[in-house]
Amino acid sequence: MTISSLSLMTPPQNHCNNMESFKQLHAHFFKLGLPNSHFTHQIIIWNTIIRAYSLHSSPSTAIHFYNFMLLSAVQPNSYTFPPLFKSSARIPNLNQGKQIHGHVFKLGLSSDAFIHTSIIAFYAQIRELDHARLVFDKSPLRDAVSFTSLITGYMNVGRLEDARKLFDEMPVRDAVSWNCVISGYVRVKLFEEAIDLFHEMRRAGIRPDESTLVTVLSACAQSGDLTTGERIETWIVERNLSSNVRLVNALIDMYAKCNELDKARSLFDNMINKNIVTWNVMIGGYTHTHRYKESLELFRTMLQSNYEANEVTFLSVLPACAHMGALDIGKWIHAYIGKNFPEASNTSTSLFTSLIDMYAKCGDIEAAETVFESVTHKSLASWNAMISGLAMHRRAHDAVKLFKNMVDEGFTPDDITFVGVLSACSHAGLVNQGQQHFRSMIHDYNISPKLQHFGCLIDLLARAGLFKEAMNVIKNMDVNPDGAIWGSLLGACTLYKNVQLGEYFATKVLELEPENSGAYTLLSNLYAADGKWDDVARIRTKFKDNGSKRIPGCTSIEVDGTVHEFLASDKSHPMSDEIYAMLEEMNRRLDEFGHVSDKSLVLYDMEDEVKEGVLCQHSERLAIAFGLISTKPGATIRIMKNLRVCGNCHSATKLISKIFRREIIARDRNRFHHFKNGVCSCMDCW
C-alpha cells in the first residue's frame, strides 16, 4: 500500500468524513514509517495533521503531535502555529501556549501576520488581556483581525470601555469588528447601546451581515424596541432574505417578545423550512407573554408534525404546564427526558429545576421532592424551587429545614431563597421564625430587602393580628408599599373583623389601584360580616359607579392530557349537561350534610335564591363536578384558580372531599389547599 505525497498534501477532511476516518489515516502514516522517510521533511503533512486535530475534540493531541514533529527534527513554519495557539486556548495547561509563543519568538516568526493575530487571540481567550495588549502594542502588524481579537477579549471579561476605545481607534472597521462590539453589548445586556451602535454602523455605510441582524434582533427582543425590529424586517424583505431560517427565527422571537404575537405567528405559519429553533421561539413566545394555553397547543402540534423536542423546548413548555396545571403533559415530558436524555439529571440542572417547579405548581409536591433528590449536582435555583414549592403547599417546617440543609451544604442563599423561606413562614403563621430569617437575611447575608420580602413579613404579622408591628415595618421601609402589601393587610382585617383598619387599608389600595375589584369585594365582605348593610350598599354602588370590573374567576382542570377551563355559571363545555347534573348532586349532598352558604359574600344585589345559585356555580365548583364525572373513583382531583378561593367554596370543598372520598388539591392565587376527609391543609387561614 502506498500513499502519494499529493494525497498527503491534501487536507485529511477532504478524504475523511469523520474524525475516526482521519485517525485511521494517521495510523497508516505511522505504520508505513513515514516519519522516518523523506516525507518527514514535507512540512505540509505535519501542519495538515496538526490543523485537523485542532479542529476536532482533541486539542491536546495537536500539541503532542507538534512535540513529536520537533523530535523528528522537522522545522515548523508560519502555518504550523495558528492551529497550535487555537488548541492551546482549549486545554487546561496554559503554559503550553506560552511555551509555543516562546518557540515563535526564537524562530523569528513574530512578524508573521497570521501568527501575530493567533497569539493575541490565544491570550484573549485565556483572559490574559494584559499579555494580549502587550503583543498588540509591540507589533506594527495591526490589521482588522488583530484589533477584533483584542476587542473580543475585552468584551468577554467585561472591560467595555477598553473594548470601545480600541474599536473607535481602528483605522478600518469591517462588519466583523462591528459585530464583535454589538454582540458584546448584547452579552452584557446593554441592549440600547447595541442598537445605537447598529444604527451608527448603518450610517457608516457598512452592510450588516446575517450575524449582525440576528444579534440586533435579539437586542430588540430583549429591550422591546419594536421600531428597529420592524425596520430590520423591511430590510430583510427588500433584499429577498425572507427564506433565511436564522433571520426569520430571530424575527419571530423579536415580535413574540415585543408582544406582537399575531405578527410572530404569521411569520411562523408562512415559513416553509421550519426547524426546531423555529418551533422553540414560537412556543417560547407564547410562554413569555403568559399565553400558556397556546404554548401547550403549539407544542402538541409540533410533536404531531414529527419534530424532536430538545432541552430548549422543554424549558419553554414546562413553565406553561406549571401555570396551566397540566400535570399529565409535565409527566410525559419527564418520562421523555428520562428515556432520551438519561444523563440530564447530572448535566442539566436548569431542566430539572423546571421539573421541580412544574410538579410543585401542579400540586404534586411529592413528585417535586423525588425529582429534587434525583439531581446529583444541585444548583441554587434547584434549592430555591424546592423551598418555594414546599412553602406554597404550607409545609413550612420542611421548607425551613431544607433551607438549613442548603446552607450546611455550602450554598449561599440569595434574595429568591428568602422570598421562599419568608413565604413559608407567612403561610404557616411562624412569626418568630419569619422575623428571625428576615433579620438574618440583612445581617448575615448582606441582602437588602426588596418589596417581596417586606410583603411576606407584613403579611405574616398581619395574619397574626399584629397590625401595629406590621405598620412599623411599613414606616421603616426604604421603598413605598404597593397595592399587594396594603391588600394583604386588608385581607387580614377580614380575618379579625377589624372594620376601622380595613377601611383605612382599602383606601390605600384604591389610591394606588382605583380599579382593584378585590379591594371592593373584601371591604364589602368586611361590612357584611359586621352587619353594616348600608355600608355594603354604598360600596357596591361606588363599585358600579366607578365602572370597575371584576376579574372573572377561571378554574382549570386537566383530564387525560387536556386542560379544561371554566368560568362561573359556564355552560360552554361539551359535557355541560353532565356537569350540571353532577353539580345538582353535589349541592343535594351538601344540603344533607348541613352546609349553608353565606349569601352576604355575593357582591351584587339579588334575591337570596338567585344568590344561592350564583355561589353554587362558581368556576371551582364546575371544575370539581367535571373532575368527579371524568376521573376514576378515589382519584385525586387537581384544580387551578386564578383568584383567591372564596369562603363558601372553601367550606363546600372541604365537605365534598369527605362526601365523595376524594382528595382535592386546589391552587388559588396565593397558595395550595389540600382538601381531604373534610379538612383543608390551610387550617381555614388563607
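A cavity is defined on a 1 Å grid over the protein atoms alone as a set of points where a 1.4 Å probe fits but cannot get out, and lining residues have an atom within 4 Å of a point. The lining of the second largest cavity is formed by E620, I639, K641, V645, T653, A666, R667, D668, H673 and F675. Two or more of the lining residues come from each of the elements β3 (637–641), β4 (664–667) and β5 (672–676). Helices (H or I, at least four residues) and strands (E, at least two) are DSSP runs, numbered from the N terminus. By class, the lining of this cavity comprises four nonpolar, two polar and four charged residues. In this classification Ala, Val, Leu, Ile, Met, Phe, Trp, Tyr, Cys and Pro count as nonpolar, Asp, Glu, Lys and Arg as charged, and the others, Gly among them, as polar.

Residues are numbered from 1 along each chain as its sequence is written, and side-chain values use heavy atoms, with hydrogens and water left out. As the model is predicted, local features need pLDDT of at least 70 and side-chain atom pairs count only at pLDDT 80 or more, whereas totals for chains, interfaces and linings use all residues.

The protein has 37 helices and six strands. Its C-alpha atoms fill a box of roughly 105 × 55 × 55 Å along the principal axes. Of the 686 residues, 50% are buried; buried means under 20% relative accessible area, exposed over 50%, and partly exposed in between (1.4 Å probe, protein chains only). The accessible surface amounts to about 32,800 Å², with 51% belonging to carbon and sulfur atoms. Accessible areas come from the Shrake-Rupley method with a 1.4 Å probe, and for residues only the protein chains shown count as cover. Among contacts (heavy atoms within 4.5 Å) between residues at least 6 apart in sequence, 63% join residues at least 24 apart.

S556 is located in strand β1 (residues 554–559) and is buried, with a relative accessibility of 7%. A polar atom of the S556 side chain lies 3.3 Å from the backbone oxygen of M324. A polar contact is a pair of N or O atoms within 3.5 Å; within protein, one must be able to donate a hydrogen and the other to accept it, and residues adjacent in sequence count only if both atoms are side-chain atoms. Beyond four places in sequence, S556 contacts M324, V563, H564, E565, R638, I639 and M640. I639 is also one of the residues lining the second largest cavity.

S382, in helix α24 (residues 380–392), counts as buried because its relative accessibility is 0%. Its contacts, apart from neighbours within four places in sequence, are T349, T353, I356 and F372.

Three further residues are partly exposed. E503 belongs to helix α31 (residues 499–512) and has a relative accessible area of 31%, so E503 is partly exposed. With residues up to four places away not counted, E503 touches L523 and Y527; the C-alpha atoms of E503 and L523 are separated by 7.0 Å, at 20 residues apart along the chain. E369, in helix α23 (residues 365–374), is partly exposed at 26% relative accessibility. S569 is placed in the loop between β2 (562–567) and α34 (576–592), with a relative accessible area of 36% that makes it partly exposed. S569 touches Y580, Q617 and L622, residues up to four places away again being excluded.

Most residues other than glycine have a negative phi. N240, which is not a glycine, has a positive phi of about 55°. N240 is found in the loop between α14 (226–238) and α15 (245–257) and is exposed, with a relative accessible area of 68%. N677 also has a positive phi, near 55°. N677 lies in the loop between β5 and β6 (679–680) and counts as exposed at 57% relative accessibility.

How values were computed:
1 Å grid on protein atoms, 1.4 Å probe; cavity = no way out; pocket = protein on both sides within 12 Å on 5 of 7 lines; lining within 4 Å.
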